[in-house]
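Please consult the sequence and the coordinates alongside the text.

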Amino acid sequence: MTDSERFEIDFSEAKKIPADLSNTRITEPRAARRLENIWGFSAPTGHNNASGPCALGTILHFYGIGWNHLPKEQDGRPVNDPFIEEVIRWSTTPNLLSGSLGTSPGMMLQSLHKAELCANWYAGNPPERTMQLVEHEIKLGQPVIVVIGHAPSGHPLLLEWQVAFQIKANTIRTKHCAGSNAEKLWTIDEFLKSLQMDLPQLSGSVITVQKE
C-alpha cells in the first residue's frame, strides 16, 4: 500500500452526516467532564500499525469494557502492553497486511459492535459538517475516533487513528499511540486540514461511539 490506488477500503458502511444532528443520538448525554480524564494507550513494543487497537483500547476503557484477567495499575487502569495486546488478539486488528493505517474502518466498526457499542463511520462529508459532528459528540460527553492524515498532499497515504476528546476555544485535543497517554493539541484549522485526504471518499473519516 504505497499509494492511494492500492488503498482498498470498503466504503459501503460510510455514512453522510444527517442535517439534524439530534438524529445521531440514541442514548442520554454522558457527563462531559469524564472526557477530561479519558486515558490514551500506546503501541506495545514490537507492534507496528497499532494506532487502531490503541484507539479501540482508549474507547473500551472509557466505557468500562475490559478483561478481568489482565494486570492492573494501582489506580485500577489496565497495564498498557497486555491490554493493547489483548485488544489486538480480541479484535484481530490490524487487519491490513501493509501500509500506514493498519486497521480498516470496517474492522474498527466490527470491533466496536462486538463490544456491544453503537458505532457509525462518517466519511466524505464537508469539513464544516464533520467538525459540527465532532463538536456535537464531544458536547454529549462522547469521544470520537478520527483518521488523521500526516502526509503532504500528493504523497503516499500516511494515516493514523486518534481519539478526539476535548474542544476549547479554537483548539481540539486528541489522544494518540506514540506514548503513554500521549496528547496532541491542534487548532481547529490544523485538525480539519489533517482530516482531508487526496482520496476524497476517505476525507473527514470519523467514528462516533455510544454505549446503549
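## Basis and conventions

Contact denotes heavy atoms within 4.5 Å. Helices are DSSP runs of H or I with at least four residues, and strands are E runs of at least two, numbered from the N terminus. A residue is buried under 20% relative accessible area, exposed over 50% and partly exposed in between, with a 1.4 Å probe and protein chains only.

The model is predicted, and local features need pLDDT of at least 70, side-chain atom pairs count only at pLDDT 80 or more, while totals for chains, interfaces and linings use all residues. Residues are numbered from 1 along each chain as its sequence is written, and side-chain values use heavy atoms, with hydrogens and water left out.

## Helix α2

Helix α2 contains 12 residues and spans 16 Å from its first C-alpha to its last, close to the expected 16 Å at 1.5 Å a residue; the expected span is 1.5 Å times one less than the number of residues. The buried residues of α2 are packed against α1 (51–62) and α3 (105–114). Among the buried positions of α2 are Asn80, Phe83, Ile84, Val87 and Trp90. Thr92, which follows α2, has a positive phi near 55 degrees.

Glu86 belongs to this helix, residues 80–91. Its relative accessibility is 12%, so Glu86 counts as buried. Beyond neighbours within four places in sequence, Glu86 contacts Trp67, His69 and Leu70.

## Aromatic and charged groups

Rings of Phe, Tyr and Trp (the six-membered ring) pair if their centres lie within 6.5 Å; planes under 30 degrees apart are stacked, over 60 edge-to-face, and the rest tilted. Six aromatic pairs are found in the whole structure. Trp186 and Phe191 form an edge-to-face pair, 6.3 Å centre to centre with 70 degrees between the planes, and both residues are buried. Ring pairs also join Phe41, Trp67, Phe83 and Trp90 into a cluster.

A charge sits over a ring if NZ of Lys or CZ of Arg is within 6 Å of the ring centre and within 35 degrees of the ring normal. Arg34 has its charged end over the ring of Phe62, 4.6 Å from the centre. Arg77 lies over the face of Trp39, 3.6 Å from the ring centre.

## Cysteines

With a disulfide defined as a pair of cysteine sulfur atoms within 2.5 Å, the count is zero disulfides. For Cys54, the nearest cysteine sulfur is that of Cys177, 4.7 Å away. Cys54 is buried at 2% relative accessibility, and Cys177 is buried at 16%.
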